[in-house]
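Below is a short report on one predicted protein model.

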Amino acid sequence: MDARGSKRKKGAAPEVADFYRLGKEMQNRVGSSIGAFSSEDRRFREFFGCGAAIALVLWNRLLEHDALPDGGMIMHLLWALHFMNAYPKQDAGSATAGGSGGALDPKTWRKYFWPFVEAIAYLEQFVVVFENRKVHRRNYNDCLLSVDGVDCKIPNHGPAFASHKFAGKSALRYELAIDIEKGDLSWLHGPFPAGNWPDINIFRHALKWQLDEFERVEADDGYRGDAKIKCPANFTNPAENLEMQARVRSRHETFNGRMKQWDILSVQYRHSLSTHGTVFRAIAVITQLSIHNGEPLFPVEYKDP
């Protein structure tokens, strides 16, 4: 590592401590030593949206898939994480990125953090793998996935984007499917204009046709009316299954909640809508990597008769 811990020298793989040290620089804590793990991890997560260990995993995955942007350094990755986590306006973001060295030129800031957002999103094809829902299974239920829609706020774009989740305000909608047994993100589809695309229509647009012949999915009652959907309101659904199904949906909402912990997905999006899907996918990748690296969703017991 060089003085800023940015470029990797041959044989000098980065370590978690490098991310803590560079994170401290962005937080203007250069003069203080790295403290207790719990304190440093909390500060890092509050600032960058994920733990330093997950940021290291992310860096290594970018290297593994030859996806590191040209001239990319660890500090630029941290800029991207902070941008998505805090979603600052331009002057605040470029000033924070400069850390103890002073504010950056906003053009420099944008030049380096956006390629990292795009590179992280590129990892979706390696991290969110649909066919993995059938790998290493203990149980052979016909429902392998839970499905739900997630809406993200955008500026007013008219009735086509009106979201019932935001009292008619505009939103983009995504479809997520979680592996019921393993708790992994297995499918991501979107974005769609929330007003024109109810959850059931998005399901019928693609995911329905990717399922095996007798495979179904668990979902809430907004999806009722399709033979491929198992939801509480189905007249054939046994009452004794309701508690089990509720736990599956609750676990799915936990994943959605982890996505929305990133401010860029929880507040109104200010950038071009054409970039929203890239940001959403980048955060989905980070969330799934965290699940696979020590931060799993809570387990559920599921038996589909």
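The count comes to 1 cavity of 30 Å³ or more in this predicted model. The largest cavity has a volume of about 70 Å³. Its lining includes Arg137, Arg138, Asn139, Asn141 and Cys143. Ile180, Glu181, Val300, Glu301 and Tyr302 line the largest cavity as well. By type, the lining divides into 4 nonpolar, 2 polar and 4 charged residues.

**Strands**

Cys143 also belongs to strand E1, which spans residues 143-153. Of the 11 residues of E1, 10 are buried, so the strand is largely enclosed by the rest of the structure. E1 pairs with strand E4 (residues 216-218) in parallel, through 3 bridges. There, Cys143 has Arg216 as its bridge partner. E1 also pairs with strand E2 (residues 171-179). That pairing is antiparallel and has 9 bridges.

How many of the residues of E2 are buried? The count is 9 of 9, and E2 is mostly covered. Both faces take part. One side carries Ala171, Arg173, Glu175, Ala177 and Asp179, and the other carries Leu172, Tyr174, Leu176 and Ile178. The residues of both sides are all buried.

E2 pairs in turn with strand E3 (residues 185-193). These strands run antiparallel and are joined by 6 bridges. Leu176 stands opposite Leu188 in E3. E2 and E3 form a hairpin, with 5 residues between them. In the turn, Gly183 has a positive phi of about 75 degrees.

| Strands | Direction | Bridges |
|---|---|---|
| E1 and E4 (residues 216-218) | parallel | 3 bridges |
| E1 and E2 (residues 171-179) | antiparallel | 9 bridges |
| E2 and E3 (residues 185-193) | antiparallel | 6 bridges |

**Aromatic pairs**

The structure holds 16 aromatic pairs. One of them joins Tyr20 and Phe44. Their ring centres are 5.9 Å apart and their planes stand at 90 degrees, so the pair is edge-to-face. Tyr20 lies in helix H1 (residues 16-26) and Phe44 in helix H2 (residues 37-48), so the pair ties together parts that are 24 residues apart in sequence.

Tyr174 and Phe280 form a stacked pair. Here the rings are 3.7 Å centre to centre, with 5 degrees between the planes. This pair links distant parts of the chain, 106 residues apart. Tyr174 sits in strand E2, and Phe280 sits in helix H12 (residues 276-292). Tyr174 and Phe280 are buried.

There is also an aromatic cluster. Phe83, Tyr87, Trp109, Phe113, Trp114 and Tyr269 form it.

**Lys260**

Lys260 lies in helix H10 (residues 242-260). Leaving aside residues up to four places away in sequence, Lys260 touches Val150, Asp151, Cys152, Phe166, Leu265 and Ser266. The C-alpha atoms of Lys260 and Gln27 are separated by 23 Å, and the two residues are 233 apart along the chain.

Terms used: Residues are numbered from 1 along each chain as its sequence is written. This is a predicted model: local features need pLDDT of at least 70, side-chain atom pairs count only at pLDDT 80 or more; totals for chains, interfaces and linings use all residues. Side-chain values use heavy atoms; hydrogens and water are left out. Buried means under 20% relative accessible area, exposed over 50%, partly exposed in between (1.4 Å probe, protein chains only). Helices (H or I, at least four residues) and strands (E, at least two) are DSSP runs, numbered from the N terminus. Two strands pair if DSSP finds at least two bridges between them. On a 1 Å grid over the protein atoms alone, a cavity is a set of points where a 1.4 Å probe fits but cannot get out, and a pocket is an open set with protein on both sides within 12 Å along at least five of seven lines; lining residues have an atom within 4 Å of a point. Grid points are joined across faces, edges and corners, and a volume is the space filled by probe spheres set on the points. Ala, Val, Leu, Ile, Met, Phe, Trp, Tyr, Cys and Pro count as nonpolar, Asp, Glu, Lys and Arg as charged, and the others, Gly among them, as polar. Contact means heavy atoms within 4.5 Å. Rings of Phe, Tyr and Trp (its six-membered ring) pair if their centres lie within 6.5 Å; planes under 30 degrees apart count as stacked, over 60 as edge-to-face and the rest as tilted.
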